[in-house]
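Q: I'm new to this structure and would like a close look at its aromatic rings and what surrounds them. Could you walk me through that part?

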Amino acid sequence: MPAYLIYFNQQWVGDHPEEWFRGRGPRARAVTEEMKAAGVYVFAGGLEEEDGPIYSADPTSGEVLVTDGPYVESKEFLGGFALVSVPDDETAKMWAAKVAEACGWPHEVRRFKPQGRTE
């Protein structure tokens, strides 16, 4: 079955009061439990924000250089994601809609290339 990544950039979340965010947690956990019950859940999680460690690995100089901090300065960064294994695009879009509704901000969904395909 194809695997799909459902994700959001932290900047898509928007500014909301703390109480609003507290109300979103139970909704998001409920969708995660629904994914598990449906047998489509592979993994999900939110990423550390500004205070979390960030490392980059750059092999372009001929030797891999691992440094603290992002490789490219960017205004956007990945905030969280879910990985699901579902039969088709329509099912992936349905789960993306459920996740987005529970969280209260936009999400994107993308299909992984099939295993063994390198192009």
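A: Let's start with F43, which is partly exposed at a relative accessible area of 44%; here buried means under 20% relative accessible area, exposed over 50%, and partly exposed in between, with a 1.4 Å probe and protein chains only. Please keep in mind that this is a predicted model, in which local features need pLDDT of at least 70 and side-chain atom pairs count only at pLDDT 80 or more, while totals for chains, interfaces and linings use all residues. Residues are numbered from 1 along each chain as its sequence is written, and side-chain values use heavy atoms, leaving out hydrogens and water.

A search of the whole structure finds six aromatic pairs. Rings of Phe, Tyr and Trp (its six-membered ring) pair if their centres lie within 6.5 Å; planes under 30 degrees apart count as stacked, over 60 as edge-to-face and the rest as tilted. One of these pairs joins W20 and F21 edge-to-face, at 5.1 Å centre to centre and 85° between the planes. W20 is partly exposed, with a relative accessible area of 23%, and F21 is partly exposed too, at 29%.

F43 has a ring partner as well: F43 and F81 form a tilted pair, 5.8 Å centre to centre with 40° between the planes. Because F43 lies in strand 2 (residues 41–46) and F81 in strand 5, this pair ties together parts that are 38 residues apart in sequence. Strands (E, at least two residues) and helices (H or I, at least four) are DSSP runs, numbered from the N terminus. F81 counts as partly exposed, at 24% relative accessibility.

Ring pairs also link F8, W20, F21 and W105 into a cluster.

Leaving aside neighbours within four places in sequence, I6 is in contact (heavy atoms within 4.5 Å) with residues including F81, V84, W95 and V109.

In soluble globular proteins, nonpolar side chains tend to be buried together.
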